[in-house]
Amino acid sequence: MFLQAHHKACANHREVPHVIFDYHQECRGNTKSLTKLMNKVRRHFEAFGTFCSNAEQVHSIQRGAIRTNCLDCLDRTNCVQTFFGLEVE
């Protein structure tokens with residue numbers, strides 16, 4: 001709860017969403033359940049976009065980033081980051 005309270009108290013960053021997802025509880029070994037997480041963050045995910053360029057011009061600008069953190073397991077963090085990476089169009 002400390003992280004939630006700290007985020008709520010940070011007046012300068014109220015536009016930064018803090019989405020809570022209990023990976024262990026929701027997935028239980030079935031990563032297909034990560035679609036529940038995507039449903040929670042989809043509007044942010046799509047609004048942030050992606051950066052794309054070639055040597056001559058910029059085609060699109062990324063306007064945000066999704067940060068993931070697991071309090072006790074780097075494998076879960078990596079799994080979620082991989083899932084998000086594969087969702088990028």
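Predicted model: local features only at pLDDT ≥ 70, side-chain atom pairs only at ≥ 80, totals over all residues.
1. Start with the geometry of the pair. Helix 3 spans residues 34–48, and helix 4 spans residues 74–87. Their axes come within 12 Å and cross at roughly 55 degrees. That angle makes helix 3 oblique to helix 4. As for hand, the crossing of helix 3 and helix 4 is right-handed.

2. Which residues in helix 3 and helix 4 meet? From helix 3 come L34, T35, L37, M38, V41 and F45. Helix 4 answers with C79, V80, F83, F84 and E87. By class, the residues of this contact split into 9 nonpolar, 1 polar and 1 charged.

3. Now the second largest pocket. Its volume is about 380 Å³. The lining has 17 residues. Closest to the pocket centre are F45, E46, G49, T50 and V88.

4. Where does the largest share of the lining of the second largest pocket come from? Helix 3 gives that share, with 5 residues. Helix 3 and helix 4 each supply at least two residues of this lining.

5. For the contact of helix 3 with helix 4, the division is 9 nonpolar, 1 polar and 1 charged.

Note on methods: Residues numbered from 1 in each chain as written. Heavy atoms only, no water. Axes fitted to C-alpha atoms, helices over the stretch in contact; angles between N-to-C directions. Helix = DSSP H or I, 4+ residues; strand = E, 2+ residues; numbered from the N terminus. Parallel < 35°, antiparallel > 145°, perpendicular 65-115°, else oblique. Left-handed = near helix turned anticlockwise from the far one by under 90°. Contact = heavy atoms within 4.5 Å. Nonpolar A, V, L, I, M, F, W, Y, C, P; charged D, E, K, R; others polar. 1 Å grid on protein atoms, 1.4 Å probe; cavity = no way out; pocket = protein on both sides within 12 Å on 5 of 7 lines; lining within 4 Å. Points joined across faces, edges and corners; volume = space filled by probe spheres on them.
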